[in-house]
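Please keep the sequence and the model in view while reading.

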Amino acid sequence: MATLTDKKSETRSAAIAAGVILLVATAVLYLMPNVIVWLGSISPWLGTGFGVLVILAFFFVFWMRARYQRRNRP
């Protein structure tokens with residue numbers, strides 16, 4: 001019976017984490033073009049660098065989550 005509760009809690013935690021990641025990624029990707037244009041008016045390299053860092057950060061979050069899940073598997 002305890003494993004059923006643990007499984008439910010684990011599923012809920014994964015759903016909450018996915019929801020938070022999705023909301024943050026949506027907000028950042030929605031605002032990214034405006035920030036890139038603004039930074040690009042200062043320096044094209046600055047705008048490009050920001051865009052590259054945002055996309056890399058998106059994949060970095062999923063890479064770190066996969067490492068965490070792999071390490072904490074029973």
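The expected span of a helix is 1.5 Å times one less than its number of residues. Helices here are DSSP runs (H or I, at least four residues) and strands are DSSP runs too (E, at least two), numbered from the N terminus. The model is predicted, so local features need pLDDT of at least 70 and side-chain atom pairs count only at pLDDT 80 or more, while totals for chains, interfaces and linings use all residues. Residues are numbered from 1 along each chain as its sequence is written, and side-chain values use heavy atoms, with hydrogens and water left out.

The protein chain has two helices and zero strands. Helix α1 covers residues 2-42, and helix α2 covers residues 44-71. With 28 residues, α2 reaches 40 Å from its first C-alpha to its last, close to the 40 Å expected at 1.5 Å a residue.

Burial is judged by relative accessible area: buried means under 20%, exposed over 50%, and partly exposed in between (1.4 Å probe, protein chains only). Of the 74 residues in the protein chain, 9% are buried. In α2 the buried residues are G47, G51 and V54. An α-helix has 3.6 residues a turn, so residues three or four places apart point the same way.

Two pairs link positions that are separated in sequence. L29, in helix α1, and G51 are 22 residues apart in sequence and 9.6 Å apart in space, C-alpha to C-alpha. R65, in helix α2, and A17 are 48 residues apart in sequence and 9.5 Å apart in space, again C-alpha to C-alpha. R65 counts as partly exposed because its relative accessible area is 23%. L29 is also partly exposed, because its value is 37%.

The accessible surface of the protein chain comes to about 6,400 Å², and 73% of that belongs to carbon and sulfur atoms. Such areas come from the Shrake-Rupley method with a 1.4 Å probe; for residues, only the protein chains shown count as cover. Patches are made of residues with over 30% relative accessible area and no salt bridge, joining like charges within 9 Å and nonpolar side chains (Val, Leu, Ile, Met, Phe, Trp, Tyr) within 5 Å. A salt bridge is a side-chain nitrogen of Lys or Arg within 4 Å of a carboxyl oxygen of Asp or Glu.

L29, I55, F58, F59, V61 and F62 make a nonpolar surface patch of about 510 Å². α2 gives the most to this patch, with five residues.

R67, R70, R71 and R73 form a positive surface patch. R70 counts as exposed because its relative accessibility is 54%.

Conventions: Lys and Arg count as positive and Asp and Glu as negative; His and the chain ends are not counted. The place of a charge is taken as NZ of Lys, CZ of Arg, CG of Asp or CD of Glu.
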